[in-house]
Amino acid sequence: MAGGETLIEQGAPGDALYLSVSGRLRAYRRDEQGQQRMAREFSRGQIFGEMSLLTGEPRAASVVAIRESVLVRLSKP
C-alpha cells in the first residue's frame, strides 16, 4: 500500500485484522468536535484491527499508511 493511502475508516465494520510486514502506519481518531487526532503508530511486526474483528463493533480509528507498507490481511472467515 502506498504512503498516504487509507486502509481503515473509523466507524466501518471490522472484517479483518492486519499484520504489518514493513512500512509505517498511523491510527487517527475523530473526537466529539470532529477533529482528527493521532492515536498511535504501527510498524513492522505489529498487529492492528483485531478488536473490531473479534467484538463486531465498528472500527474505533482510521488507519493511514505514512509510507509505503506491506501488510498481511487476515479476514474473518
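Analyst: Two rings of Phe, Tyr or Trp (for Trp, the six-membered ring) form a pair if their centres lie within 6.5 Å; the pair counts as stacked with planes under 30 degrees apart, as edge-to-face over 60, and as tilted for the rest. The model is a predicted one, in which local features need pLDDT of at least 70 and side-chain atom pairs count only at pLDDT 80 or more, whereas totals for chains, interfaces and linings use all residues. Residues are numbered from 1 along each chain as its sequence is written, and side-chain values use heavy atoms, with hydrogens and water left out.

User: How many aromatic pairs does a search of the whole structure find?

Analyst: The general idea is that a pair of aromatic rings is described by the distance of the centres and the angle of the planes. Here the search of the whole structure gives 2 aromatic pairs. For Tyr18 and Phe48, the ring centres are 5.7 Å apart and the planes stand at 20 degrees, so this pair is stacked. Tyr18 belongs to strand β2 and Phe48 to strand β4, so that the pair links parts of the chain 30 residues apart; helices (H or I, at least four residues) and strands (E, at least two) are DSSP runs numbered from the N terminus. Together with Phe42, Tyr18 and Phe48 form one aromatic cluster.

User: Are Tyr18 and Phe48 buried or exposed?

Analyst: Both Tyr18 and Phe48 are buried, a term for under 20% relative accessible area, with exposed meaning over 50% and partly exposed in between (1.4 Å probe, protein chains only). Leu17, also in strand β2, is buried as well, with a relative accessible area of 17%. Its C-alpha atom is separated by 11 Å from that of Pro77, although Leu17 and Pro77 are 60 residues apart along the chain.

User: Which strands does β2 pair with, and in which sense?

Analyst: Two strands pair if DSSP finds at least two bridges between them. β2 pairs with β3 in the antiparallel sense over 7 bridges. It is also joined to β5 (residues 62-75) by 11 bridges, again antiparallel, and to β4 by 2 bridges, likewise antiparallel.

User: How many salt bridges does a search of the whole structure find?

Analyst: A salt bridge is a side-chain nitrogen of Lys or Arg within 4 Å of a carboxyl oxygen of Asp or Glu. The structure holds 5 salt bridges. One of them joins Glu41 to Arg24, with the closest N and O atoms 3.4 Å apart. Since Glu41 lies in strand β3 and Arg24 in strand β2, the pair ties together parts 17 residues apart in sequence. Glu41 also meets Arg26 in a salt bridge at 2.5 Å, N to O. That pair links strand β3, which holds Glu41, with strand β2, which holds Arg26, across 15 residues.

User: How accessible are Glu41, Arg24 and Arg26?

Analyst: Glu41 is partly exposed, with a relative accessible area of 28%; Arg24 is partly exposed with a value of 28%; and Arg26 is partly exposed with a value of 22%. Asp31, by contrast, counts as buried at 19% relative accessibility, and its salt bridge with Arg37 has its closest N and O atoms 3.2 Å apart. Asp15, Arg59 and Arg73 are linked in a network of salt bridges.

User: How much space lies in the largest pocket?

Analyst: Rolling a probe the size of a water molecule over the atoms shows where empty space is left. On a 1 Å grid over the protein atoms alone, a pocket is an open set of points where a 1.4 Å probe fits, with protein on both sides within 12 Å along at least five of seven lines, and lining residues have an atom within 4 Å of a point. Points are joined across faces, edges and corners, and the volume is the space filled by probe spheres set on them. The largest pocket has about 370 Å³ of space. It is lined by 19 residues, of which Arg29, Gly49, Met51, Ala60 and Ala61 are the closest to its centre.

User: Which element gives the most to the lining of the largest pocket?

Analyst: Helix α1 gives the most, with 4 residues. At least two residues of the lining come from each of β2 (16-30), β3 (36-43), β4 (47-48) and α1 (50-55). By type, the lining divides into 11 nonpolar, 3 polar and 5 charged residues, where Ala, Val, Leu, Ile, Met, Phe, Trp, Tyr, Cys and Pro count as nonpolar, Asp, Glu, Lys and Arg as charged, and the others, Gly among them, as polar.
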